[in-house]
Amino acid sequence: METWLIDTPLFTTLSPLSSQRSGLRQWLDTHREPVFLSTASLVEIEAAIERVPASQQARISALRHWLDGLISTFSDRIHPVDAAVAVRAGRLLPHCHTGLARHRFHDAVLLGTAQLYGHGLLTRRDAVFGAWTNIPVASP
């Protein structure tokens, strides 16, 4: 059975404020494979919430409630960014050429996590995570 790590940008499609139709939600509903997330994704989601203007408290509250739900739902399937993930990500970072430096760092951490734990990666960013990653990539 294949297991999967979710690429952070896909989480935005599950947000209660997203206007996008969630292909991820449909994928999760139709597949039985275990799905995991990285603590690196939690950092990115929290940082995005912090960028919402303070004048939009209802939006901030809804997003924090949603994030708390993600943490609760995935509580037994959240991988830490530990020393092994950090070292693997450091080896991968020179091969990440797409996007801003901050995004490349995050992508290397996600990829390192997926490789160490034997997961495929659920992503819509096939241009970033190609065959060189040596892991299965699926686009929900």
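Trp4 and Trp27 are both buried. Keep in mind that this is a predicted model.

What is the geometry between the rings of Trp4 and Trp27? Their centres sit 5.9 Å apart, with the planes at 80°. Planes over 60 degrees apart count as edge-to-face, so that is what this pair is. The structure holds 1 aromatic pair, and this is it. The two partners come from distant parts of the chain, 23 residues apart. Trp4 belongs to strand β1. Trp27 belongs to helix α2, residues 23–30.

Now the sheet. There are 5 strands, and the sheet is open. The order is β3-β2-β1-β4-β5, with parallel pairing. Which strands are at the edges? β3, at 78–79, and β5, at 137–138; each pairs on one side only. Take β5. Strand β4, residues 120–122, runs parallel to β5 and is joined to it by 2 bridges.

On to helix α3, residues 39–50. This helix packs on the sheet. It touches β1, β2 and β3, and its direction makes about 60° with that of β2.

Which residues of α3 are buried? Ala40, Ser41, Leu42, Glu44, Ile45 and Ile49. Note that Glu44 is on that list.

Last, the start of α3. There, a side-chain oxygen of Ser38 comes to within 3.0 Å of the backbone nitrogen of Ala40.

Methods
Residues numbered from 1 in each chain as written. Predicted model: local features only at pLDDT ≥ 70, side-chain atom pairs only at ≥ 80, totals over all residues. Heavy atoms only, no water. Pairing = 2+ DSSP bridges. Helix = DSSP H or I, 4+ residues; strand = E, 2+ residues; numbered from the N terminus. Contact = heavy atoms within 4.5 Å. Axes fitted to C-alpha atoms, helices over the stretch in contact; angles between N-to-C directions. Phe/Tyr/Trp six-rings, centres within 6.5 Å; stacked < 30°, edge-to-face > 60°. Buried < 20%, exposed > 50% of the residue type's maximum accessible area, 1.4 Å probe, protein only. Polar contact = N/O pair within 3.5 Å; in protein donor to acceptor, adjacent residues only side chain to side chain.
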